[in-house]
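Hello! Here is the structure I promised to pass on to you. Have a look through it first, and then read my notes below.

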Amino acid sequence: MLKPSVTKFVEESYRIEEEAANSALFTTGNGYIGVRGSFEEYGSIRIQGAYIRGVFDEIIEVMEPFADNEYMKKYYIDEEKLRNFEYQDSVINNVDFLLLRFSIDGETFYTWEGKILSWERYIDMTNETLVRKVRWENTKGDVTDFEFERFSSFANDHVYCLKVKVTPVNHSKKIEVMSGIDTRVKTGGQKITTVISGKVWENKAFAHVNMGKKYGFETGTTTVTNLYGAEAAWKDNSENGVLSSAAEFTAEQGKTYEVEKCVYISSSREEDVSQPVILEKRYAEYFDEHMAEYKKVFELADIAIEGDELADSGVRFANYHSIISASRNDSVHSIAAKGLTGERYNDFVWWDCEIYQLPIFIHIAPEAAKHALMYRYNCLKKAKENAKAAGFSGAKYAFCSSVEGDERVWEYARHPFMQIHINADIAWGIINYVTVTGDKEFLKDYGMEMLVELCEYWRSRVEEVNGRYEILRVTGTDEHHPYVNNDAYTNYLVKYVLEKTTEYAKTFGMDNDYSDIAEKLYQPLDKCGLIPQFDGYFGLSRTLEEAGGSAATGFQMKKSGLYHKSQVIKQPDVMLIYSYLNMKPENANYALNWDYYEKMCESSSSLSFAPHSICAADNGRILSAYNYLIETAYIDVYDIHKCSWQGVHSGCLVGAWYAVFRGFAGIVCREDCIEVNPHQVPWWDKVSFSFMYKGSKISVTMTPCEYTLKTDSEEEIDVIFKGERKSLCAKSEICEAL
Ligand code: BGC
């Protein structure tokens, strides 16, 4: 398991059983590209991977459907569709440009050859660099030190750089360096790509590749490799799909040689890729340019927690993964459930994006948040077609969104189709973005159009039952209960969206008015203040009866249980209303609901931990809140769900920032003020971080005795601190005793 520290997460020895999971954890990237922590000399199956945002095509998806009981067989899987199912959209693995191999006196350094005498590998979160230091002995007893380093540039999305220092420790043997591009990559185990043209000349290689037939996207990748410290001529040694050249020299014992490889990668989704682009500068220059940008992004995302190294490191590591998951420069694609760290979930955009991932970007990188919403805007046309095809008005967004926005959810899996809350989630994302950034231009130019289409969908989707509107036959956020009526999360959020859209419409002089539906839309609530997750929920069994028992379900369902007869849930639904949606439903009792639903939640979706941390903090259960924060930040380091190798849980990791911001620091940005209700962890000496509110930077520090908010804003900001209104004057600070 990786060892956490304040700036690095370290793998202290090479363990083959951890290689695949650590490959996801050690991803370097810039939101445009994600390069898994595979080894330069090549690893084994499941590991090599470099994904470009939005470069999708079709793969044959080999399914492993499971049904532990008759109910699941009937309601989760459409057997007929399953028989027909074959192709699925997926991000496609680009060529392997990491390829950099060293042979010492004819023996190539691989983890499985010779002897590894020492090993240290780490991700440095402060500079987005993956470092590997290895002392290796070949079978002849020649010992060589390697120090690998690489990063993906934040200054130029298309630049990826590698550097290796090689030092012969006890020998002066021949060293051969081999570098270039391996085009034999696979996606989901299949060869999808074809080389349109490829060439090798001197120390350079270029591959122009077709990424699949369905969309016909192409990529162009050019590598330039230089050797410093020795004179050597580069000779083409390409063979069998590998475009490479090699240079050989006789090394001097104790002397350090350096190899630098600078790579330019782009796709036809943004430019012509048919010609090589040669990077002329040295690694150090690219690194400096990268750092100038990365530092800004990192610092704004950073949260420092003094007095608690575990939390401090974990949140920083989680933040690292968040900032490399989102494209900062365009809207070609949006933020995926596993970022760009693996192939599982195909790089689709889910509801995770607007509800879980956007909140951090809205506060620390508003431009990236806007790009994510513009991706939805670009999919509006398809969303309208989706609604029409289903017999409704307006727009219906895909639950799993790919290149164009048509529904890509696995068509034989019945229940996700019912997760129409996606249509309220996207509306919420727009409203949340506008509330925190104050970007009314976006609202006017794009947001309103989407909101109106979404509300038109809801107008046609609600049904009048005994004088009130209800939303029937849905799956809420909790996937253990498909086909329910009046899911709480959906009904509460839809009402809010209808009201807010009506309010916005008025300010633009538009006559779209959804208040009649909003008013009559049923808001589930029991007399005692508990919110039933859906109609009939409290009548279900409070335990989980087991049936079937293939145990093939793994983390998705903890048991072979009859979930539909039970109140046991997979992930929060009602508790999202309080935590991520920041609502305070009238007459409902927060503490009562939290106490109830926490016990019913199985947390077999990682999307449970951060909302739980917030709810526990809000309700004064600090130890619980803290433990949930640790699970949020360490979900993949501890491999809690045993599937980290497939890619990290981005929607969960991003919650580490939000749990500190919203849960412990207690901040909610409203349209006209910032609400603050802190919840302290007794052993935290100081928490400090910054966030953006309406174009201004607000810096926060929380110590056991004081809470300080400082702004660079030109305007006064209202702060409601523990219920009391205060003024945060222009370019000043307020400091409140705790
Ligand atoms: C969760 C969904 C989520 C998806 C992608 C599923 O296991 O139940 O809520 O959208 O994973 O993260």
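**Around the ligand**

Surrounding the ligand are Ala-337, Tyr-345, Trp-350, Trp-351, Asp-352, Glu-479, Gln-556, Lys-570, Gln-571, Ser-605 and Leu-607, where a residue counts as near if one of its heavy atoms lies within 4 Å. Please keep in mind that this is a predicted model, in which local features need pLDDT of at least 70, side-chain atom pairs count only at pLDDT 80 or more, and totals for chains, interfaces and linings use all residues. Residues are numbered from 1 along each chain as its sequence is written, and side-chain values use heavy atoms, with hydrogens and water left out.

The shell around the ligand divides into 5 nonpolar, 3 polar and 3 charged residues. Here Ala, Val, Leu, Ile, Met, Phe, Trp, Tyr, Cys and Pro count as nonpolar, Asp, Glu, Lys and Arg as charged, and the others, Gly among them, as polar.

Which distances separate side chains from oxygen atoms of the ligand? For N or O atoms in the side chains, the value is 2.6 Å at Asp-352 and 3.4 Å at Tyr-345, while a polar side-chain atom of Glu-479 lies 3.1 Å from a ligand oxygen. On its own the ligand has 310 Å² of accessible area, and the protein covers 93% of that (Shrake-Rupley method, 1.4 Å probe; for residues, only the protein chains shown count as cover).

**Between the domains**

The domain assignment, which is automatic or from a database, gives domain 1 (95–294) and domain 2 (302–664).

Enjoy exploring!

Note on methods:
A polar contact is a pair of N or O atoms within 3.5 Å; within protein, one must be able to donate a hydrogen and the other to accept it, and residues adjacent in sequence count only if both atoms are side-chain atoms.
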